[in-house]
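Subject: Structure handover

Hi,

Here is the structure we talked about. My notes follow below it.

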Amino acid sequence: MNAFSPTPNPSPRHQNPSGRPVMATPAATPAPAAGPSLCCDQCGQPPADPLQQILMSAVWLIPGPDGPTTAHYCRTCPPSGPITDLTCLRCGDGPLLVGDLAADPAGPDDVLPAATQHWLTAAGWRLDGPVCPDCRPRR
């Protein structure tokens, strides 16, 4: 075969320990993604498109039977009532606070309810910023 031949060169061969030439080793099968799948906590549906996946990645802090709990909702199932968007001053991320956990807009300086403050502090938030646990300096 000359340098101007349209026929491609054969695949490179490798030597295995037995000395026999073999083709390249097949690629390993990738492991499945770890972690829970993202589904709506109200209707159970997975995201239907990339925008829905972005919307469903938002964390909602909702009242639960044993105190505040987190949830994820699709665009048709978000909870109603007052909603406060708590955002970290450094990264801009944070939960959506719902119902009795939302700041009272008529209250002084949008003060968060005690149950919300307790949950956020236990989750690692520094509320004087606010700064989330991922952005909070480690000591």
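Two strands count as paired if DSSP finds at least two bridges between them. Helices (H or I, at least four residues) and strands (E, at least two) are DSSP runs, numbered from the N terminus.

Some ground rules. This is a predicted model: local features need pLDDT of at least 70, side-chain atom pairs count only at pLDDT 80 or more, and totals for chains, interfaces and linings use all residues. Residues are numbered from 1 along each chain as its sequence is written, and side-chain values use heavy atoms, with hydrogens and water left out.

**Overall**

The protein has 2 helices and 6 strands. From the N terminus, the order is β-β-α-β-β-β-β-α. Accessible surface is about 10100 Å², and carbon and sulfur atoms hold 56% of that (Shrake-Rupley method, 1.4 Å probe). Of the 139 residues, 21% are buried (under 20% relative accessible area; exposed is over 50%, partly exposed in between; 1.4 Å probe, protein chains only). Take the contacts (heavy atoms within 4.5 Å) with a separation of 6 or more: 36% of them link residues 24 or more positions apart.

**The sheet**

Four strands form an open sheet, in the order E4-E3-E6-E5, with mixed pairing. E4 (67–71) and E5 (83–85) are the edge strands, each pairing on one side only. From one strand to the next, the twist averages 30°. Axes here are lines fitted to C-alpha atoms, for helices over the stretch in contact; angles run from 0 to 180 degrees between N-to-C directions.

Now the pairs:

- E5 and E6 (residues 96–98) run antiparallel, joined by 3 bridges. Thr84 has Leu97 as its bridge partner in E6.
- E3 and E4 are antiparallel, with 5 bridges. Leu61 sits opposite Thr70 in E4. A hairpin of 2 residues connects E3 to E4.
- E3 and E6 run parallel, with 2 bridges. Trp60 has Leu96 as its bridge partner in E6.

Helix H2 (residues 114–122) lies across E3 (60–64), E4 and E6. Its angle to E4 is about 60°.

**The cores**

A nonpolar core is a set of buried Ala, Val, Leu, Ile, Met, Phe, Trp, Tyr and Cys residues joined through side-chain atoms within 4.5 Å. The largest has 12 residues, including Leu61, Leu86, Leu97, Leu120 and Trp125. Another core, of 10 residues, lies apart from it; Cys40, Met56, Ala71 and Cys74 are among its members.

Best wishes
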